[in-house]
Structure formats: C-alpha cells, structure tokens
Amino acid sequence: MCENENIYLPNLVTIADIIDETDDVRTFRLIFQDEAVRDSFSFRAGQFAEYSVFGAGEVTFCIASAPTRAGYIECTFRGVGRVTESLRNLELGDTMAVRGPYGNSFPIEEFYGKNLVFVAGGIALPPLRTLICNCLDQRDKFGDITIVYGARTEADLVYKRELAEWQERSDIRLVKTVDPGGESSTWSGKVGFVPTILEETAPSAENSIALLCGPPIMIKYTLPVLERLGFSDDHVYTTLENRMKCGLGKCGRCNVGNVYVCKDGPVFTARQVKAMPLEY
Amino acid sequence: MQNFISEQNLNVLLEQLIKSGKRVVAPRVNSGTPLYEPLSASGEMDLKELPRRSAKEAFFPVCEDILSYEKVGLNVKLSDVDPARFPETVLVGVRPCDAAAIPVLDAVFSWDYKDQFYLERRRKTTIVGLACTSSDDACFCSGVGLSPSTTKGSDLFLTPLEGGGYVCETYSQKGEDLVSNYKELFVDTTSAKPLPLAEVRTETFDLKKVKAWLDNNFENSYWDGIAISCVGCGACAFVCPACHCFDIVDEGAEKKGQRRKSWDACGFWKFTHHASGHNPRDLQPKRYRNRIMHKFKYYDDKFSQTLCTGCGRCIRVCPVGIDIATIVEEISHK
C-alpha cells in the first residue's frame, strides 16, 4: 500500500448482475472498472468491504463470493437501512464503489484435511457462502462437508440456485430446514429450528471444524448443541457484525470491549467470542 | 536548547510567519469564545483563557472532505482531495494538556492504515506549547500524570516570565528549526524569573489500579450509578483533546457531492445502532462505560497510552455535571 494514499478512497465498480434472493434480499455482482484493480484485487474468505452508494454513503458487508472465483466480487444485502435502501434503487450497469478488503479471514489452510460443518440461519449465509464456495473449488483438500441451513420460511432461504446445486452433489450433505409453519406443501427439507436440526443431523466432531453464522438467538442456542456434539470452542468459528464506518481501526465504534471487529475480526472462534463482553 | 523571547518579539515572529505564507493557529477570541483558530495578525492571539475546544482540530477538523464525486451518465468521477490544502502550520500557545494529546492521537491515526488527512497536517505543523500559569476547579492534568509544564507534544515550549516574555525550550528538530530561522528574535539570557505555574490540586491517580479494575468490571452496577444522568449530548467528546471517533457521511445530491469525515461521539445512541434495530450499547450507561473504558483501558491495551490529558473540558461543559476526574479517582480507590 502506498504510504500517501487516501485510505478512504474507494474503487469504482459496475453492477454486472442483480439477483433477487428473496423479496427483500438482493445480491449484486460487481466488477472493478479499473483494469489494474480488477487484476490485483484479492481477498480471503471472511473479509469484508465498505460499499458506496454516492449521495447515500457507505455500508459494510462481507464479500459473499469466493476468492477462488476471480474477476468479480459479490455482496448480498437486505434493504433495511438508508444506504441499503439506496443500494436497492441501483440498476444493472450502474456505478457504485468498494473499498477493502478489510479484516481477518477464516484460517482456511488450517482446515485442510478436516471435515467441515457449516451452520447458518437466514440472511447470515453470505459470510459462510464465500468459504463454502472456496472449499468446493478446492474440494479435494477437505473431508466431509455438511451444511445445515435454515430460515423462517422457504421464501427466506437465500442462494436458492446454489442450494439446488449443493443438494445435487454427492460430496456435500446439505440439510435445509424452515421454522415450523414456514414450509409449503411441496417442501422437501426439514421443519424445525436450526439448533434442533443440527442436533438431529449429528455431524461427527472428530477431525471437524464447525462454522456458524446466524442471528444472535440462533448462535445462542446452537453453541450448546455443538458442545454436546463434541466440538471444542477452538474448533467453532463465527463472524461478528457491528456497525462500522472506517473499517480500518480508527473510527472507534465496532469494538466489543477492547476487540475491534474491523481489525481483530470479523472471524472469531467460539472461545474468543465467549471471552468477550456482551457488546455485539 | 534554551532561549528567551520577549512578548514583542513573539508578535514579530508570528507576523513574519504569517507573512511567509504559513498558517499560524493560536488561541483567539471569536465572538466571545476562545478557540484555536488561524490568525490574520499577531494581535489577535489571546493567551489568557484555555480555548473552549482543544487543539486537535488543527490536525483532525470537526468536518472535512475526504473525496468528491460527480455522476456523468452511468459513470462516476471520483476526485481525491488536493494535498496542497494542508498548509505549513505553526500552532502557537498550545496548553500542555492539548499538546500532550497529540502524540496520543498519532498512535491511532498512524497504526496499520495511515490516515494522511491527519498525518500530513501533523507533518506540516510545528507545535509551540505554553506552560499554564492559571487553572480552575475542573483542571486535573496532574491526575493523569501530566502537569502545567508538561512538554509532551511540543516542538518548542514557552514558559511565561514575570514582566512578559518567555523562556523557550526546544524539544524537536522542528522546534530547533523555528528558533534558528528567526534567531535574531531570541536572546540567550534574561534576568526575569518564570511566572509561578498553575496549581492543580488533584493528586495523581493510580492509573494502573484504574485499569486493573476496568479489566474486571465491564459488568458492574457502578456504571448505572455514574451515568444514569447522562443525556447523550456528546459535548464531552467534542471538546476532548483525545476523543477521535468519527463518522463518514455523504453530503450532496446523488449527482454531485462530497464524502466527509466528521467528529462523532460514543455517547450518541446511533453510534453503534445496527440497521436491524439491534444496538449493542442500547442504554446510556453502556455508552458512558465505553467512554471510560476507551480512555483508560482499551487505548492502553492497544497503544499503551491513556486517552485523557486532564484538560477538564468535559467537566466544564457537561450539562448534568458528570465529573470524569471524580469517577477515575473513585475507580482508583476501588
């Protein structure tokens, strides 16, 4: 990084594809306009970026696409705030901007040769999807892959096309679930909350890593299940999200106690999270 | 190196600096309020009172553009700021509590990613500190281990003499350069004695004990008691020489505008409010706890420094009378 560069200056990107995941969740595929940036931009699964809509400001999301798939990045968001509402108003071919990648990442090299158990709820699949796709692109480096993914209703499941692909693959065990009452008459998955379905699926903790992302309530009830299944807190990874502005360890708001999510995170082990004060 | 400068020659120095094109920032009274502001003439400098806001804004303004954008068809033109906008500056008459905060701020703006908005201004600024000869009940620099004659942060340090004029001590190359560039204005000896320094009554707090208590008492009913009256106005952060939290916002229309970096405060409820509605610091005592934790624990954990120089401004401006010196002292006795 150039010493004199303006660290707040983002790179311009073009919206190359828009995918509506649910009624209110949307994915953008973004391509850097500057060819040199397109070639040089690299990131690791788990890292995040600041996405700009000019006139509205910046918003923080993980990079939802896999680092193994070069040429573009993707972000998935729900239009709930001022900036995300403005993002929703952008159209195919529009220009927005990205700065990043920031933060730490999943220590994927440490997962080589291990079984991976992904557990996600609702809109929280994106931070794991980057890692899942990364692992699928290097499939022979990992053992069994189990994905337990749930949402309130069938309509709330994101990445439906990928879920269908993963369902077809014999080298992935995908268990989809919806909360009771969230199923249609044609639903082929499970019905039940993620912690319950995870316990029922009972993936072995032997030589395994669990990767967990979801709403706080799901995390709260899933951690004890993983413990019962035999996963140690060092082998369970999750990501934290706090409001951020700079993403660079300066603006002072994303801290959980003395831990800065933007610099020390967003990826943490369950052991690290349990040691933090409840400030996330 | 020690020298002396008369009152009159200090004014000549400021005039010559202004004439040479440098920005000279010093305490001056603006509509009744003393503030560190650029001078257009040396006579505007008024060193009697501690300025209402700290000197940090010479490096970290209340609000500044960090880029501008303009939409042209489907494309956007981004413009970086012009580094020439950060002029060579001499910051004069800086109180020890304000000067001491600047090396503290250097840590956060220069670790890892470099914030050039702060660092360029820092590089181009010479700081002339001024020993304090008066204090008030809110002053507690001695509580955090500083004093009315602390030279930390100063390139050149002035101590007022009886009958006018100053002792000048240099503490960096920048300070030495300033003296040697205008050496005819300085003399080697004087018969005048330095004025007595301000008396600050606070005893030095045991900051190690404060930190040790903070390390173990994130959850403690003490926080509710001290901060239940906090109205979340953020004034404490805005007048603080060491608070540096900021927001990044776009100002302007969709077609054309600026992205700006502006002061923010951990006392505001929106500071940590998630778009989902969840707020990790949902109550005012949690926000006030962050203020104390950041100053006396987190910043120490990260940079081995205390994010408070005892200027007392937050005590003076707090509409509900929250007194950080009393709080830190209380914690030190826990």
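Trainee: Which strand of chain B does β1(B) pair with over two bridges in the antiparallel sense?

Mentor: Keep in mind that this is a predicted model. In the pairing over two bridges, the sense is antiparallel, and B:Phe4 stands opposite B:Val187 there. The partner is the strand covering residues 186-187 of chain B, β10.

Trainee: And how many bridges join β1 of chain B to β9 of chain B?

Mentor: Here β1(B) spans residues 2-5 and β9(B) spans residues 166-170. One opposite pair is B:Ile5 with B:Tyr166 in β9(B). The two strands run antiparallel, and the number of bridges joining them is four.

Trainee: What ipTM does the predictor give the complex?

Mentor: Let's take chain B by itself to begin with: its mean pLDDT is 95, and 100% of its residues reach 70 or more. For the complex, the pTM is 0.94 and the ipTM is 0.92.

Trainee: OK, on to the interface. Which element gives the largest share of the side of chain B that touches chain A?

Mentor: In total, 44 residues of chain B are in contact with 35 residues of chain A. Elements giving two or more residues to that side of chain B include α2 (96-110), β12 (256-263) and α8 (284-303). The largest share is six residues, and it comes from β11(B).

Trainee: How many residues on the side of chain B that touches chain A are nonpolar?

Mentor: That side is the one with 44 residues of chain B in contact with chain A. Nine of its residues are polar and 13 are charged. The nonpolar ones number 22.

Conventions: Residues are numbered from 1 along each chain as its sequence is written. Chains are lettered from A and ligands numbered from 1 in the order in which they are written. This is a predicted model: local features need pLDDT of at least 70, side-chain atom pairs count only at pLDDT 80 or more; totals for chains, interfaces and linings use all residues. pLDDT is the predictor's confidence in each residue, from 0 to 100. Two strands pair if DSSP finds at least two bridges between them. Two residues are in contact if their C-beta atoms, placed from the backbone, lie within 7 Å. Ala, Val, Leu, Ile, Met, Phe, Trp, Tyr, Cys and Pro count as nonpolar, Asp, Glu, Lys and Arg as charged, and the others, Gly among them, as polar.
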